[in-house]
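Good morning, everyone, and please have the sequence and the structure open while I talk. I will begin with a single residue and then widen the view step by step.

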Amino acid sequence: MDGYYYGQFCVLALACAVLEFRNVTQKDKVAMPTSFTSFRNNYLLVFSLMMAGDWLQGPYVYALYQHYGYSTGDIGKLFIAGFGSSMVFGTVVGSLADKHGRKKAGLLYCATYVASCLTKHSSDYYVLMLGRFFGGIATSLLFSAFESWLVSEHFKRGYEAAWLSTTFSKAIFLGNGVVSILCGLLANTLVDNFAMGPVAPFDAASVLLCVGAVVIAATWTENYGDASESTTLAQQFSTAVSTITSDRKVGLLGAMQSMFEAAMYTFVFLWTPALSPNGETIPHGTIFATFMVSSMIGSSIASRLMTNPNVRVEVYMQVVFAVSAAALAVPILVNASAMGMAKAADGGITFAGRVQLTAFLAFEVCVGIFWPSIMKMRASYVPEEVRSTIMNFFRIPLNLFVCVVLYNVSSFSIDVMFGMCCIFLGIACVCQNKLAKITSTTVYAVLPTS
């Protein structure tokens, strides 16, 4: 049975390597100045370190809370606190980043996430709760401040708009792909092979975050959104809300992002029970690594699509959302058929599980295409002066939905949960179609910095 999973991983890894090799050789034909290559590589190094600080923690958060003896209900409240913190404080820190500087926001991310990691050394529930609050703030900064800094700095230095797409795709390939796999292996090695306990990955994350903070402090210059002294936080909020409600492109973009990410984060909670509904033995680590390789394939595909002048991101993303919805509808169809009733004789994954796993891998490819593509659209349509603020506003529905799901997780069947994901992705597809029509007669361009 293990051969099935390893074979699947190896085939996808080979496909990923071939795609990325073709991308590299294709891009090498495009002349890029050394200054841009150095700038891009610096950002990729920082982004990879920041993502490593996040990925190292993921596999052992739940395990650590269990190690301290907390119940599933108590652990659920801790997770709700993290998402709630991101929802409540995210817009505030986003506005502060626009006003006081994205470099400072990047350093604040490092500080708050290190603080969150340090709280893991305590078994006190309220200290762990404080850590979740710090983690929620850090997550908001991770998904807004760094991208905002990159877009602003890219154009401030006079680089071509088309080159930004290559940076986005490489950042996702490395940060959400290569780094996630390496961090999973490192965390597992620290805990299992070196027997350092479930806190060890958090200590390793703190070290990498500190290294990243040093690189940011030493190499990054500061940039801002609206740094006017006369602009208050309330005015920034008002400008962001007004932009979202009055500019249909920004509003549709926010709806698409919220719907897709809500489905994606819900999927994180669903794939394990979907593949092992009767307690079947499945190699979670290998499957997770295969998911990440699939996502890397998606980012490689996105890189080719975004650098093709004859392909518009607004058009192909309609297909991505539709395929995503179809992939997450597979578990519903499987459970409604006789296939879902079968059990494997050896206690491993069933045929129905394999069908669902194939669909989940297709969904992960879509996730890999989604991230750099949505970054490109955000760079084009979201105004520079409130970029971080608006990006965090986009995450409010996501965090609210995840909090509701976590609080009522036992009230919904897995089919209902997957059904909600399909509805969200269908809405995203409709919104993308509307955005494609609105922008069909306009020339694609990235907004310059103010």
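Thr119 counts as buried, because its relative accessibility is 8%, where buried means under 20% relative accessible area, exposed over 50%, and partly exposed in between, with a 1.4 Å probe and protein chains only. Thr119 lies in helix α5, and here helices (H or I, at least four residues) and strands (E, at least two) are DSSP runs, numbered from the N terminus. Leaving aside residues up to four places away in sequence, Thr119 touches Val127, Leu128 and Gly131, a contact being heavy atoms within 4.5 Å.

Before I go on, please keep in mind that this is a predicted model, in which local features need pLDDT of at least 70 and side-chain atom pairs count only at pLDDT 80 or more, while totals for chains, interfaces and linings use all residues. Residues are numbered from 1 along each chain as its sequence is written, and side-chain values use heavy atoms, with hydrogens and water left out.

Helix α5, residues 102-119, also holds Arg102. Is Arg102 buried or exposed? Arg102 is buried, because its relative accessible area is 0%. Its side chain reaches the backbone oxygen of Ser148 at 3.5 Å, and a polar contact is a pair of N or O atoms within 3.5 Å, of which, within protein, one must be able to donate a hydrogen and the other to accept it, while residues adjacent in sequence count only if both atoms are side-chain atoms. Not counting residues up to four places away in sequence, the residues that Arg102 touches include Trp149, Glu222, Tyr224 and Glu384.

Let us turn to Thr243, which sits in helix α10, residues 233-246. Thr243 counts as buried, because its relative accessibility is 13%, and its side chain reaches the backbone oxygen of Thr239 at 2.8 Å. With residues up to four places away in sequence left out, Thr243 touches Val250, Pro383 and Ile390. Thr243 and Val382 are 139 residues apart in sequence, yet their C-alpha atoms are 8.6 Å apart in space.

Ala195 gives us a contrasting case, since it counts as exposed at 62% relative accessibility. Ala195 lies in the loop between α8 (161-193) and α9 (200-219), and it has a positive phi of about 50° although it is not a glycine.

Which residues touch the most other members of the largest nonpolar core? Of its 142 residues, they are Met50 and Tyr109, where a nonpolar core is a set of buried Ala, Val, Leu, Ile, Met, Phe, Trp, Tyr and Cys residues joined through side-chain atoms within 4.5 Å. The largest share of this core, 17 residues, comes from helix α14, residues 351-381.

Now for the chain as a whole, whose secondary structure comes to 16 helices and zero strands. Of the 450 residues of the protein chain, 55% count as buried, and the C-alpha trace spans about 65 × 50 × 40 Å along its principal axes.

Finally, a word on confidence: the protein chain averages a pLDDT of 89, and 93% of the residues score at least 70, pLDDT being the predictor's confidence in each residue, from 0 to 100. Over residues 443-450, however, the pLDDT is below 50, although this stretch has 26 contacts in the model beyond near neighbours in sequence. Where pLDDT is low, the predicted coordinates should not be read in detail.
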